[in-house]
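Good morning, colleagues. Please look at the sequence and the structure on the screen while I speak.

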Amino acid sequence: MYKDLFAEVFLAKPIPTDNYKLDELFNFTTEDLLDGIESSNVVMSYNKVFEKPYFTNLKYLKNIGLPNPKDEQFNFANLHKLYNIEHTPRIHRNAMHEEFSWVAEKNNELVLVDGTILASNNLHGSNPSLRILDTVIGNTSKQKEYVKYIKQTTNFTNATYAFSPFVNVMIFPTGSKEAYHKNPLVVNYLNNSSIGSLNANTTIFDIQHNVSAKLKEKVRTTAGQMNYSIYILREGSKLEIDRTTKDAGGWSLFDSVFICHPNSELKIKSTNTGSQYTQENLYIHSSSSNKVEVIGRNNIHKGNDYHQFIHQISNDVDNYSNIDVKNVGNEYANTSFIGRYDVGALSTNFDGVMNNQNLMLSKNTKMHTRPILDIKTKEIQCQHGCTVSNIDEKQKYYLQSRGVDNINEILVESFLC
Amino acid sequence: MLKLENFSITDIFSNVDITFEQGKTYVVMGANGVGKSTLLHGIMGRPDLDISGAVEFNGTDLTELETDERAKLGIFVGFQTPTSIPGLSNFQFIKQANKIKAVDLKENLDKFRDISTQLGLPAEWDKRNLNTDASGGEKKKNELIQLLMLDSKLAMLDEPDSGLDVDGIKSLTEKLSNWKNENNTLIVVTHYEKLIDGLNPDAVVLLKKDGVQIGDKSLADKIFSSGFENV
């Protein structure tokens with residue numbers, strides 16, 4: 001089905017800015033698709049229900065085009081690598097339940113695979129701490145309330161949403177307080193076993209008022225995977241995300257959108273090994289008195305790609321942000337970091353620090369870094385520091401002089417510490 | 001025994017012939033810029049130095065050996081300005097250098113903590129980042145800890161006294177005297193009279209651009225009274 005999705009013809013197509021047809025796509029995917037989904041037996045006819053919309057959405061994508069390599073967030077990315085990735089038709093969805101049945105015996109754990117959500121047994125039923133709205137099983141009216149959070153933009157979220165318009169929603173109700181902070185919710189983003197198939201997930205996490213929650217996200221892509229996750233941090237809430245992405249032979253596009261209500265706190269810790277192509281985008285929308293911390297520690301393996309775009313928009317007062325990303329590039333690795341602060345005229349007392357440090361382990365490594373600070377007010381504190389360096393010869397000699405063997409390993413570990 | 005023959009480092013000094021014998025203590029002196037530190041790092045095999053001549057340690061030709069291979073033979077160099085490595089703790093560094101196994105971890109950690117306490121270093125010194133956010137004196141004490149924790153046969157210390165306070169100098173002298181025995185060799189670059197007195201060296205080596213002058217402790221006394229050019 002997706003064999004030609006990333007063919008050059010899509011990527012090369014210019015994106016018309018005045019006639020993007022996003023509204024049409026939006027209406028189509030958010031309303032029409034959900035009509036008629038009322039009973040739980042829809043799971044059995046999952047493919048049939050969505051087969052036609054898939055094809056229609058693909059046609060839309062062909063019209064609007066995929067992200068342009070010249071777009072800011074893809075400036076240094078090797079998008080051309082996607083040209084050559086082929087995708088065979090996906091397997092029947094019912095098979096997923098069998099393949100990922102292991103999650104049932106776990107505790108506080110979810111599997112997200114191609115829009116299907118599978119949960120451990122303790123999360124089923126009337127759980128006061130977590131409410132799961134599964135599009136396929138039901139809750140369509142509630143779903144529509146959430147779908148309005150999905151914004152149409154020029155990045156890959158359009159494509160992800162088109163492939164996975166059945167949005168799954170995880171709600172952490174106010175009553176859950178700190179239940180999922182002490183015992184984090186583990187979210188596995190996986191592929192099914194169909195070799196070469198593309199899987200997509202659109203997911204919303206709603207952290208309600210005054211809740212403190214922690215997510216342990218594990219991304220393992222054995223084939224193509226596109227994730228579009230929206231995190232709503234209601235007033236006074238705290239969300240901590242511990243995301244690990246490991247190369248499992250596939251490629252990954254992960255768009256995360258954070259909607260931060262007043263007095264909410266967001267902390268993201270991520271580690272990544274890269275893959276044949278990995279793009280991780282964080283879009284952070286701050287209101288007021290938000291505290292945002294993004295810590296990235298990425299050791300990009302030999303020959304892998306890792307591209308990150310972090311964009312924080314602040315249009316209100318008293319926001320704090322600390323973006324601290326360190327990348328290590330092994331031989332033939334290709335990485336890019338683009339960080340952007342957009343601080344509006346009314347966003348006084350914005351306090352932001354953006355750091356990106358890169359360590360190149362080989363002359364065959366390519367690493368790019370670009371900080372962008374668009375500040376429209378004077379009453380702020382904002383600084384950035386972006387560096388690309390090689391192994392420090394003095395440090396290397398110091399370790400050698402004490403008889404240490406595994407010098408690169410130690411210096412990488414200490415750099416990422 | 002460490003033997004240097006026609007040992008030269010391009011643009012620094014040439015034709016150094018000297019034998020440092022096992023069981024003895026040496027003090028190396030010399031004018032600023034003559035290459036005292038470079039001599040020690042040349043023996044250690046610092047990769048950026050252009051070295052010629054012969055260097056042999058306990059019968060092993062060091063010429064073709066890498067720095068880490070020399071270290072594994074028991075050669076230790078104490079840096080004048082120890083290198084900072086943020087993210088690597090002081091004890092982790094020792095653990096890596098000594099390849100300490102899990103079963104021996106506690107014993108080694110206790111030893112590390114004992115020494116650091118004796119040297120007046122702050123609590124939890126073992127967890128602090130290597131030579132990061134430390135004073136000059138603390139870094140020098142850290143070098144001393146490394147010497148005492150590693151199984152070294154030849155210690156070459158580059159101005160170990162610099163940055164140390166009065167108590168620190170006293171501790172340094174005591175620790176080095178205790179470390180010294182008939183099976184190892186101590187070479188110290190210093191111009192600090194009290195340290196020289198405390199170490200009571202077997203020989204004083206005056207390094208010059210074109211070789212060395214060797215004498216007993218009275219050579220140091222002459223240097224202190226007359227200066228380098230008049231000895």
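Helix α1 of chain B, residues 36–44, is mostly covered, with 8 of its 9 residues buried. A residue is buried if 20 or more other C-beta atoms, placed from the backbone, lie within 10 Å of its own. Among the buried residues of α1(B) are Leu39(B), Leu40(B), His41(B) and Ile43(B). Just after α1(B), Gly45(B) takes a positive phi of about 85°. Helices here are DSSP runs of H or I with at least four residues, numbered from the N terminus.

This is a predicted model: local features need pLDDT of at least 70, side-chain atom pairs count only at pLDDT 80 or more, and totals for chains, interfaces and linings use all residues. Residues are numbered from 1 along each chain as its sequence is written, while chains are lettered from A and ligands numbered from 1 in the order in which they are written.

I now turn to chain A. Helix α8 (residues 393–400) and helix α9 (residues 407–416) of chain A pack at an angle of about 125°, with their axes 10 Å apart; axes are lines fitted to C-alpha atoms over the stretch in contact, and angles run from 0 to 180 degrees between N-to-C directions. From α8(A), Gln395(A), Lys396(A), Leu399(A) and Gln400(A) make the contact, and from α9(A), Ile407(A), Ile410(A) and Leu411(A). Contact requires C-beta atoms, placed from the backbone, within 7 Å.

Conventions:
Helices (H or I, at least four residues) and strands (E, at least two) are DSSP runs, numbered from the N terminus. Two residues are in contact if their C-beta atoms, placed from the backbone, lie within 7 Å. A residue is buried if 20 or more other C-beta atoms lie within 10 Å of its own, exposed if 12 or fewer, and partly exposed in between; C-beta atoms are placed from the backbone.
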